[in-house]
Amino acid sequence: KNKEIWGVSTELRMKKLNKGDEIIFYVKGTNQIKGILKVNSDWRESTELTWDDEKKINQIIYPYQIDLSTVVIGNVVYENLKDQLNFVEKKENFNMYLQAHITGPSNWGQPLDIHDYELIKNSLILPDGIGEGMK
């Protein structure tokens, strides 16, 4: 987030995101959606150690990178939104929709509809306990 860069480990994962797309970031272990960032560049191959886990082993793990800009940052408990989200069809198994797909992001690599995007974005902005975000 601070570097406004995102990296992936394989070329296959690059095919789902292009300049102008927006990414909703869920942080594992927190049960929270933390923000929406916009892709501002084409993919490039990194030749530098960027991430802490790369520096720890002195090896590039995420060689393919894109530049991002912040749309909104906040904290929204994903479980609190699950009943209102269209992409969560099986509400009792809501976490399965966050599993990354081999070819790309969560939700089996499928984009969200406008309803789900707007619900998440607006929840990140609200300061009333649903979301604690700011633009």
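Author: The term pLDDT denotes the predictor's confidence in each residue, from 0 to 100. The mean pLDDT of the protein is 85, and 86% of its residues reach 70 or more. This is a predicted model, in which local features need pLDDT of at least 70 and side-chain atom pairs count only at pLDDT 80 or more, while totals for chains, interfaces and linings use all residues. Residues are numbered from 1 along each chain as its sequence is written, and side-chain values use heavy atoms, with hydrogens and water left out.

Reader: Where is confidence lowest and where is it highest among the elements of the protein?

Author: The lowest mean is 90, in β2, and the highest is 95, in strand β4 (residues 44-45). Over residues 129-135 the pLDDT is below 50. Beyond near neighbours in sequence, that stretch has 25 contacts in the model, a contact meaning heavy atoms within 4.5 Å.

Reader: What makes a segment a helix or a strand, and how many of each has the protein?

Author: Helices (H or I, at least four residues) and strands (E, at least two) are DSSP runs, numbered from the N terminus. By that criterion the protein has three helices and five strands, in the sequence pattern β-β-β-β-α-β-α-α.

Reader: What is the class of Ser9, and what is the class of Asn58?

Author: Ser9 has 38% relative accessibility, so it counts as partly exposed. Ser9 lies in the loop between β1 (5-8) and β2 and touches Ile61, Tyr62, Pro63 and Tyr64, not counting residues up to four places away in sequence. Ser9 and Ile60 are 51 residues apart in sequence, with 8.9 Å between their C-alpha atoms. Asn58, in the loop between α1 (52-57) and β5, has 62% and therefore counts as exposed. Asn58 also has a positive phi of about 55° although it is not a glycine.

Reader: Which residues touch the most other members of the largest nonpolar core, and what makes it a core?

Author: A nonpolar core is a set of buried Ala, Val, Leu, Ile, Met, Phe, Trp, Tyr and Cys residues joined through side-chain atoms within 4.5 Å. The largest such set has 17 residues, of which Ile33, Tyr78, Leu81, Leu85, Val88 and Leu124 touch the most other members. Two or more residues come from each of β3 (32-39), β5 (64-77), α2 (78-81) and α3 (114-125), and α3 gives the most, with four. Apart from this core lies another, of 10 residues, among them Val8, Met14, Tyr64 and Leu68.

Reader: What does Tyr78 touch?

Author: Leaving aside residues up to four places away in sequence, Tyr78 touches residues including Tyr26, Asn31, Ile33, Leu85, Val88 and Phe94. Asn31 is placed in the loop between β2 and β3, and has a positive phi of about 60° although it is not a glycine. Asn31 and Asn80 are 49 residues apart in sequence and 9.7 Å apart in space, C-alpha to C-alpha.

Reader: How do you know that the span of α3 is close to the expected one?

Author: The expected span of a helix is 1.5 Å times one less than its number of residues. With 12 residues, α3 reaches 16 Å from its first C-alpha to its last, close to the 16 Å expected. Its buried residues include Tyr117, Leu119, Ile120 and Leu124, and the buried residues of α3 pack against β2 (22-27), β3, β5 and α2.

Reader: What makes Asp113 a cap of α3?

Author: A polar contact is a pair of N or O atoms within 3.5 Å; within protein, one must be able to donate a hydrogen and the other to accept it, and residues adjacent in sequence count only if both atoms are side-chain atoms. A side-chain oxygen of Asp113 lies 3.2 Å from the backbone nitrogen of His115, and Asp113 caps the N-terminal end of α3. Further along, a polar atom of the side chain of Ser123 lies 2.8 Å from the backbone oxygen of Leu119.

Terms used
Buried means under 20% relative accessible area, exposed over 50%, partly exposed in between (1.4 Å probe, protein chains only).
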